[in-house]
Amino acid sequence: MKITDVKTVVVNAEMRNWVFTKVETDVPGLFGWGEASLEWKTRSLVGTIEDMKQMVLGEDPRNIEHIYQKMYRQSFWRMGVIGMSAISSIEQALWDIAGKDLGVPVYRLLGGKVRDKVRMYTHLGGGNMKAVYETFEVEPLIELAQQCVANGYTAIKVVFVPYSEPLEGPATVKRFAHMFGTLREAMGDNIDIMVDFHGRTYPAMAIQYINAIEEFHPYFCEEPVPPENVPALLEVRQSTRVPIATGERLVSRHQFREVFEQRACHVIQPDLCHCGGLLEAKKIAAMAEMYQMGVAPHNPLGPVANAAALHFALSTPNFLIQEDMLTDVPWRWDVVKSDLQTKNGYWLPCETPGLGIEVDEKAAAKHPFKQEVMHSLTIRAKDGAVLDW
């Protein structure tokens, strides 16, 4: 069996373009799908996948580790997030081919099932961009959270951390704490609530914000500082008593190494579409297991990413909870056909061979590439200076 072609299908989903990668083989009807969606980098990502194609043509798609090593190491320049996203999507597609070829779901090839179902959490509005990133008032916050719970979720994530300068006054901290406290009161203690700091704060403010909501028991606080400074993350972890999560902007196990060695968080969040794919994520999770850390993969992406995340979660012992955005656009499941089933806030195992999805390329063509909404460009301090989104 040989790889004969690598193609991309780009689908505009408003906030981001989904980038699906199709790896074709010389076996009639046997191909695999992966996903590489990366906010605001679609053009360069598609070009990088085309570059990677030249490295894998003619290879046996079942030699997944060999092909990964070839793409990662023989590119010479070590990959950043664009290159690793391209590699991830090809790698996922290879697993899809392997499962289809053997007639088994991918999770069985990753070590088999270690749990019977996969706990999920979602964002306000189920992933609607305006709800997720523009809810800074208490009343709509509670209403949107209640809608998520009514849809079966037992855990939700909020992203209402203020866009912050290195230091803010007490009014900002008190307003943030009031919002979280009011939300906790409305949700009760049986709903887990995560706070995504989105790398918006530096240590001084992150510590103040987290300590101000400690009494309301956040499930975890995510990415309290930008990802490039692990000692800053460690400072936050050591100065607070709320679980800390990070990792969505780290790629390959090599970038996770310092986080592990410094024990800078409690939960890691690799993105299977960016970190190197399924096997690299399994290696990262195994490293986390050595440091007694949970794994809560990042995944606000498209339907192929959802499928890959399901197989990872089913087969990973220290998996904790899985992010989703299943209602970001209403036609999501028109573009990708799936046997994915949800019940009471859990994904259920899928027994379809491979990843259990197929991209409807005709339906995808109805939503062609266009420039995404670059929401981050709107974020400014009161004096007009750029802040982290």
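A pocket is here an open set of points on a 1 Å grid over the protein atoms alone, with protein on both sides within 12 Å along at least five of seven lines, and its lining residues have an atom within 4 Å of a point. The model examined is predicted.

**Pockets**

The second largest pocket is lined by 15 residues, and those nearest its centre are Pro-162, Tyr-163, Glu-168, Thr-172 and Lys-382. In the largest pocket, which has a volume of about 630 Å³, 27 residues form the lining, with Glu-39, Trp-40, Glu-248, Arg-249 and Trp-389 closest to the centre. The table sets out the volume and lining classes of each pocket.

| Pocket | Volume | Lining residues by class |
|---|---|---|
| Largest pocket | about 630 Å³ | 10 nonpolar, five polar, 12 charged |
| Second largest pocket | about 300 Å³ | eight nonpolar, two polar, five charged |

Strand 2 (residues 17–25) is largely enclosed by the rest of the structure, because nine of its nine residues are buried, that is, under 20% relative accessible area. Both faces are covered: one side carries Asn-17, Val-19, Thr-21, Val-23 and Thr-25, and the other Trp-18, Phe-20, Lys-22 and Glu-24.

Strand 2 runs antiparallel to strand 1 (residues 3–12), to which nine bridges join it. Four residues separate the two strands in a hairpin, where Glu-14 in the turn has a positive phi of about 70 degrees. Strand 3 (residues 31–35) is also antiparallel to strand 2, with five bridges between them. In this hairpin, five residues lie between the strands, and Gly-29 takes a positive phi near 80 degrees.

Technical notes. Residues are numbered from 1 along each chain as its sequence is written. This is a predicted model: local features need pLDDT of at least 70, side-chain atom pairs count only at pLDDT 80 or more; totals for chains, interfaces and linings use all residues. Side-chain values use heavy atoms; hydrogens and water are left out. On a 1 Å grid over the protein atoms alone, a cavity is a set of points where a 1.4 Å probe fits but cannot get out, and a pocket is an open set with protein on both sides within 12 Å along at least five of seven lines; lining residues have an atom within 4 Å of a point. Grid points are joined across faces, edges and corners, and a volume is the space filled by probe spheres set on the points. Ala, Val, Leu, Ile, Met, Phe, Trp, Tyr, Cys and Pro count as nonpolar, Asp, Glu, Lys and Arg as charged, and the others, Gly among them, as polar. Buried means under 20% relative accessible area, exposed over 50%, partly exposed in between (1.4 Å probe, protein chains only). Two strands pair if DSSP finds at least two bridges between them.
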